[in-house]
Amino acid sequence: MMKKIFVIVAGLLVSNAVLADDFPGSTNVIEDTDCEMLAENVTINLSKDVLGGFDCNSRSIVIAACHPTGRKSTRTLPVETCTDADPPVCTTENEPVTGSAVPYASTERGTVTSEYPGGDCTTAAFATAIATDKLTPTTP
C-alpha cells in the first residue's frame, strides 16, 4: 500500500489550491477541482477497511492512511522527527510509540513515513488530520 501511495503522490504536480478531505470510502477520488495542482482526477486504491485522507496547498499534497484494526500496543520503533526549516532537517531515533501507525506520503519530501499520533484510527478524519499536520506551509 505504501508503495502505491508514493507512486501516486510522486506523479502529482504543484499549483494553487487548499483543501483537506477524508476519502469518501467507495470512490477514493481526489478531484482536480479539490486540488488545483492536479491535471486530472486521481483515484487512491485503499485496501479493505483502510481509512485515508489528504490535504494540499500550492506547494505540496499529502496523503495519509490507517487501519482501524492495526497494531495499537506500545512498542519501540525508529521515529523520524523533522524541523520546520526549509529544507527540513530530519533525525531518526528509537522511541516508544503507542496507538495506530499512520503512513503518509508527501510530494514535498518524496517518501513514505509513518506517524504515531498516540491515538487509535477509528475514522478517516484521523488520517486526514495527519495529512494536514504534515502539509508543508506555503511560506517557509
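This is a predicted model: local features need pLDDT of at least 70, side-chain atom pairs count only at pLDDT 80 or more; totals for chains, interfaces and linings use all residues.
Start with cysteine 35 and cysteine 56, whose sulfur atoms sit 2.2 Å apart in a disulfide. Cysteine 35 is in the loop between strand 2 and strand 3 while cysteine 56 belongs to strand 4, so the bond ties together parts that are 21 residues apart in sequence. Both of these cysteines are buried.

Next up is the bond from cysteine 66 to cysteine 121, with an S to S distance of 2.1 Å. This one links distant parts of the chain, 55 residues apart: cysteine 66 lies in strand 5, and cysteine 121 in the loop between strand 9 and helix 2. The link is right-handed, with 70 degrees about the S-S bond. Cysteine 66 counts as buried because its relative accessible area is 3%, under the 20% cut-off; cysteine 121 is buried too, at 1%.

A polar atom of the serine 100 side chain lies 2.9 Å from the backbone nitrogen of cysteine 121. Serine 100 is buried at 2% relative accessibility, and its contacts beyond four places in sequence include His67, Arg71, Tyr116 and Phe126.

That leaves cysteine 82 and cysteine 90, also joined at 2.1 Å. Their S-S torsion is about 110 degrees, so this disulfide is right-handed. Cysteine 82 is partly exposed at 29%, and cysteine 90 is partly exposed at 30%. Cys82 is also among the residues nearest the centre of the largest pocket, which has a volume of about 560 Å³. Strand 6 gives the largest share of that lining, four residues.

Key:
Residues are numbered from 1 along each chain as its sequence is written. Side-chain values use heavy atoms; hydrogens and water are left out. On a 1 Å grid over the protein atoms alone, a cavity is a set of points where a 1.4 Å probe fits but cannot get out, and a pocket is an open set with protein on both sides within 12 Å along at least five of seven lines; lining residues have an atom within 4 Å of a point. Grid points are joined across faces, edges and corners, and a volume is the space filled by probe spheres set on the points. Helices (H or I, at least four residues) and strands (E, at least two) are DSSP runs, numbered from the N terminus. Buried means under 20% relative accessible area, exposed over 50%, partly exposed in between (1.4 Å probe, protein chains only). A polar contact is a pair of N or O atoms within 3.5 Å; within protein, one must be able to donate a hydrogen and the other to accept it, and residues adjacent in sequence count only if both atoms are side-chain atoms. Contact means heavy atoms within 4.5 Å. A disulfide is a pair of cysteine sulfur atoms within 2.5 Å.
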